[in-house]
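Trainee: I'm new to this one. Can you walk me through a few spots?
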Amino acid sequence: MRSPTKCDRLWTKLHPNYTLYSLTEESAVASIDRIIQESVNPFDSTTFRPGNFWQEDQNSAFTVDSIHQEVLTEITSVVDHVTQDHRTRTILLSGDSGSGKSYLLGRIKSTLNSKGFFAYIGPWPESDFIWRHTLRNTLDSLMYVPQGQTESQLLLWLKELAAFQDRGLMKRVFGERQLFIHKLKGTYPAGIYNANEFFGLLYDLTNPKLYPLACEWLKGDDLDEGSLKLLRVKRSIDSENAAQQILSNFGKIASATQPMVLCFDNLDNIDRGIDGLINLQALFNVNSIIHNQKLKNFVIIISIITNTWQQNYKRIQPADLARIDTKIRLSAIDLHQAAGLLAMRLYPLHQLAETAPPSPIYPITEQDLEAKFPGGKTLPRFTLLLGRQLFQEAKQQEGTKPETVISPSANEVTAAFHLLWVKEFNKTQEKITRLRQFSAPELMQMVREALEALNVSGIQQKLLPSPSYASYSLSYHLPAQLGRIGIVWTEDPNLVSFYHIMKACEKALTMQRCKTLYLIRAERLGTRKNLGNKLYSEIFTGHPHRHILPDMVSVHYLVTYHSLVNAACAGELVVGSLTPNLKELQEMIRQSQILEECPVLQTLGVFAGYTRIIGVSDNKPKQLGPAGDRSKALKQAKEYLLALVRTQQIMGRTVLIQNTLDQFTDVQEYQVKELIFQLCTENKLFILDETVPESAQLVCVLEAFGKKAKL
């Protein structure tokens, strides 16, 4: 072993209880302790936040089959019964926060993907839109391609219909639309809402050129006249009744197909009544109507926190409660299962060691589990949090007692939140590619959540005096600007609807509901011949009312924060070793100042205290150009580097570089190395023993003890 260096002595002085292992390439390969030093904590909170199972990639390697296996078996039995008799059934799935409800939904989808079509339905912004929200989320999910398949769930479902069972007919179907409609109308002679249009839309799904447009119509997008003409329909799905009827159509013709599994999750962030309690009754109204109409082949899973259910179920009508067919409560896991959960996370690191570690859960011991959970039971999240703490102690301080609680510093919390944000934001960028993936009420809900997090005062929903479009708007106050400020956000391409929205804006101003009104819209505005465009020009091309052009970057910021809000409200958000509630998340977002990078919020002036006076022509998203893009990417990569080391305290230089490259695909390896050098010269990071090869170097942060390192 080499002699201690000046760097080693500095580290030992700052960490008196820490044992520094030999920094040779040989020991790096052989020692599991060295591997632990180098690695990112496998229990880091960014790896186990569940969510929409079509947007979250669950790693099957982290699944312990015995955990909640009896629940999976029971739900499988329900799906099998629906497959056999086609009678719709409802399951209430409850469990404590951290018991793994959302993760289980993803596991159910993965396990039963060959037995049904799965839809994830998140929280709705307003109960007045619950049918449209349910239909939209269902179609969004049906457009995903299941694992092992080449076509979307929607096309797979369509091909199971009786009209597709005749192969001779199938050959003719793709050339004869009317024959297809006639066949389905003969099979289902009564009870189908707008049968000609609906069956025609199903036919259009078989045309690759019309498939995207047909999906938009089925989701409830308010399409323009040209699109409606292509689809041969008169109007879009523009009401709760129409959305209910279209969803009913799916149920009425689905008896020949596999079940459609509707999973309602994250119910703690649905809209609330005057008393501040969530409006669960709206969901149970939907459930009862599906049952009362005897719609076929639905399995409805309502996933809810046990405490939330206990606080709200008495407010639900008894007749609606009676529509629950099966109640399942997730139980705690035993220590053997907890150890299995730890072992799954540690296995990849153990595989790197030349000599097998002393146990599958090393550096954690069974005694650690017994000391932390003396009752012999725990929840999956608590197990992972304990794993994170003990693994971190193994990286930093030998001899720390397992039961010792280490309070994270403000820097560590900020760093952990930054890492979580980067991962969520990158995931959002991959999944969200169009402004119109969200309805206007959803967009407005996300704006409201961001404004609330930024402590904007006087936020009021439903500025527009129109029952149809009130949910497209809100208003608020800014300290440096007189009068109430209104926002309207609509991306509906239908220009007739646009006219009615402009009329509602005109009426709101006449009623003096706000002093300044801003229209957020990227969709077209029509020409001077359109009445809506004329009203738009009168209202939004002068002063003080303006038009703001949104961009995808703004939507990515809003969607990312919205997903974190859903998780916080459901008790599923984990930041480092903390599980923040909504108020604590809002404080984190303010401390991090992350939302200050959102272009739409910048334009609205919520950070400066007044709204910028910008017209349409000069409000287009600024193009930074190659140099500006590179500069911003490098700045973000540098912030990520520092945040990652702050959360890990010590890690391998090679691992640090690779993690950064994984998150920032536009940044090159030589640039990451340069950023590490900059952080070292700024005395924020430190490389232990630069005399050894880079692959054997460890990088640490010297801020953990509130002091700067001086050599």
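Mentor: Helices and strands here are DSSP runs, numbered from the N terminus. Keep in mind that this is a predicted model.

Trainee: Okay. Where does D492 lie?

Mentor: D492 is in a loop. That loop runs between β10 (481-489) and α22 (495-510).

Trainee: Is D492 buried or exposed?

Mentor: D492 is buried. Even so, D492 has no salt bridge.

Trainee: Which side chain of opposite charge is nearest to D492?

Mentor: That is R521, 6.4 Å away.

Trainee: New topic. How many residues of α10 are buried?

Mentor: Nine of the ten in helix α10 (residues 195-204), so to speak a mostly covered helix. Among the buried ones are F198, F199, L201 and L202. E197 and D204 are also on the buried list.

Trainee: Now the sheet with β13. What is the strand order?

Mentor: The order is β13-β15-β14, in an open sheet with antiparallel pairing.

Trainee: Why is one side of β13 and of β14 left without a neighbour?

Mentor: β13 (650-652) and β14 (685-688) stand at the edges, and each has a single partner strand, so one side of each has no neighbour in the sheet. The twist averages 30 degrees from one strand to the next.

Trainee: How many bridges pair β14 with β15?

Mentor: Four, in the antiparallel sense. L685, for one, has V701 in β15 as its bridge partner.

Terms used: Residues numbered from 1 in each chain as written. Predicted model: local features only at pLDDT ≥ 70, side-chain atom pairs only at ≥ 80, totals over all residues. Heavy atoms only, no water. Helix = DSSP H or I, 4+ residues; strand = E, 2+ residues; numbered from the N terminus. Buried < 20%, exposed > 50% of the residue type's maximum accessible area, 1.4 Å probe, protein only. Lys, Arg positive; Asp, Glu negative; His and termini not counted. Salt bridge = Lys/Arg side-chain N within 4 Å of Asp/Glu carboxyl O. Pairing = 2+ DSSP bridges. Axes fitted to C-alpha atoms, helices over the stretch in contact; angles between N-to-C directions.
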